[in-house]
Amino acid sequence: TGIAIVANAKPLDAQAWVTDMVLKSGNLKRVVIPNGTISEVGDITYADSDAVGYDTTVSCMPDESGNTHYEYIVAPSTGI
């Protein structure tokens, strides 16, 4: 039981990628890449004092509308 991860050098097909972020202001940002491929990956460093980072480059190809990505920024809900 658990999670198994298999890593290899096989190229992935183009697919949609979504990244969610919380900005310094507390606003929420979403970047949607409708047609992207992983073009480069960096080394993964594990250290007790740092968060694990995955240095990954996604190459964006235009979608059917000619756009490479979309960005959305919203203020967080205040619950009011």
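**Charges, strands and spread in a predicted model**

Tutor: In this predicted model, the protein chain carries 4 positive and 10 negative side chains, with the centres of the two sets 6 Å apart.

Student: What makes a side chain count as positive or negative here?

Tutor: Lys and Arg count as positive, Asp and Glu as negative, and His and the chain ends are left out. The 4 and the 10 are therefore counts of those residue types.

Student: How many helices and strands does the protein chain have?

Tutor: Zero helices and four strands, in the order β-β-β-β from the N terminus.

Student: Why is the protein chain called more spread out than a compact globule?

Tutor: The globule rule gives 12 Å for 80 residues, and the radius of gyration is 16 Å, well over that, so the chain is more spread out than a compact globule. Its C-alpha atoms fill a box of roughly 45 × 40 × 25 Å along the principal axes. Buried residues make up 8% of the 80.

Student: How do you know that E1 and E2 pair?

Tutor: Pairing needs at least two bridges. Seven bridges join E1 (residues 15-22) to E2 (residues 28-41), so the two strands pair, and they run antiparallel. One of the partner pairs is Val-18 with Val-32 in E2. E1 and E2 form a hairpin with five residues between them, and Gly-26 in the turn has a positive phi of about 90°.

Student: What joins E2 to E4 and to E3?

Tutor: Five bridges join E2 to E4 (residues 70-74), antiparallel, with Lys-29 partnered by Ile-73 in E4. Five bridges also join E2 to E3 (residues 56-60), again antiparallel, and there Glu-40 has Thr-57 as its partner.

Terms used
Residues numbered from 1 in each chain as written. Predicted model: local features only at pLDDT ≥ 70, side-chain atom pairs only at ≥ 80, totals over all residues. Heavy atoms only, no water. Rg over C-alpha atoms; globule rule 2.2 N^0.38 Å. Buried < 20%, exposed > 50% of the residue type's maximum accessible area, 1.4 Å probe, protein only. Charge placed at Lys NZ, Arg CZ, Asp CG, Glu CD.
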